[in-house]
Amino acid sequence: MKPEPAIPIRILRRDAEPPAGLPIVELPMSAHDRRRVRRLVEAPDGVVLALELPTGTILHPGQLLHHDAEAAYIVSAADEDVLVVRPRDIAEAARVAHLIGNMHRDIHIEDREVVALADEVLLERIRKLGVDVERVRRPFHGRAPGEHAH
């Protein structure tokens, strides 16, 4: 039996929602992979999507890539090495955010946590501030390095 051809994905509808009642197939992607929009992506159910999106397109967790009569294929944030910072107060949160921003890293705020993609230099600088920080693996919903704007 011949494998099914890849399904080309050339256009994304900005606020598209999966049809009600359709099973959801999550496509876990790192922050970096959510910027790689010209490649093949194999879903957990074996369906292959051929991303052929315009350069500069950025995929976001929760975004619908494709649906058919069988399933809806949604981008999800994959587990990555991240730094989780738990500032004690607003002043500490501001110092941490300033440090991370000066290093051109993105953050994602979740409840009282500041989350950034992990790297040793950033970890050491946050520790020097005397702030509670730990390195863990979990989904990062922020942007990849290099995806910031001034």
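Glu 113 and Arg 138 are both buried, where buried means under 20% relative accessible area, exposed over 50% and partly exposed in between, with a 1.4 Å probe and protein chains only. This is a predicted model, in which local features need pLDDT of at least 70, side-chain atom pairs count only at pLDDT 80 or more, and totals for chains, interfaces and linings use all residues. Residues are numbered from 1 along each chain as its sequence is written, and side-chain values use heavy atoms, with hydrogens and water left out.

The side chains of Glu 113 and Arg 138 form a salt bridge, at 2.7 Å from N to O; the term requires a side-chain nitrogen of Lys or Arg within 4 Å of a carboxyl oxygen of Asp or Glu. Glu 113 belongs to strand 9 and Arg 138 to strand 10, so the pair ties together parts 25 residues apart in sequence. Strands here are DSSP runs of E, at least two residues, numbered from the N terminus. Through shared partners, salt bridges join Arg 86, Glu 110, Glu 113, Glu 134 and Arg 138 into one network.

The structure holds eleven salt bridges. Another one links Arg 88 to Glu 92, with the closest N and O atoms 2.5 Å apart. Arg 88 counts as exposed at 59% relative accessibility, whereas Glu 92 is buried at 3%.

Four strands form an open sheet in the order 8-9-7-10, with antiparallel pairing; two strands pair if DSSP finds at least two bridges between them. Its edge strands are strand 8 (108–110) and strand 10 (133–139), each pairing on one side only.
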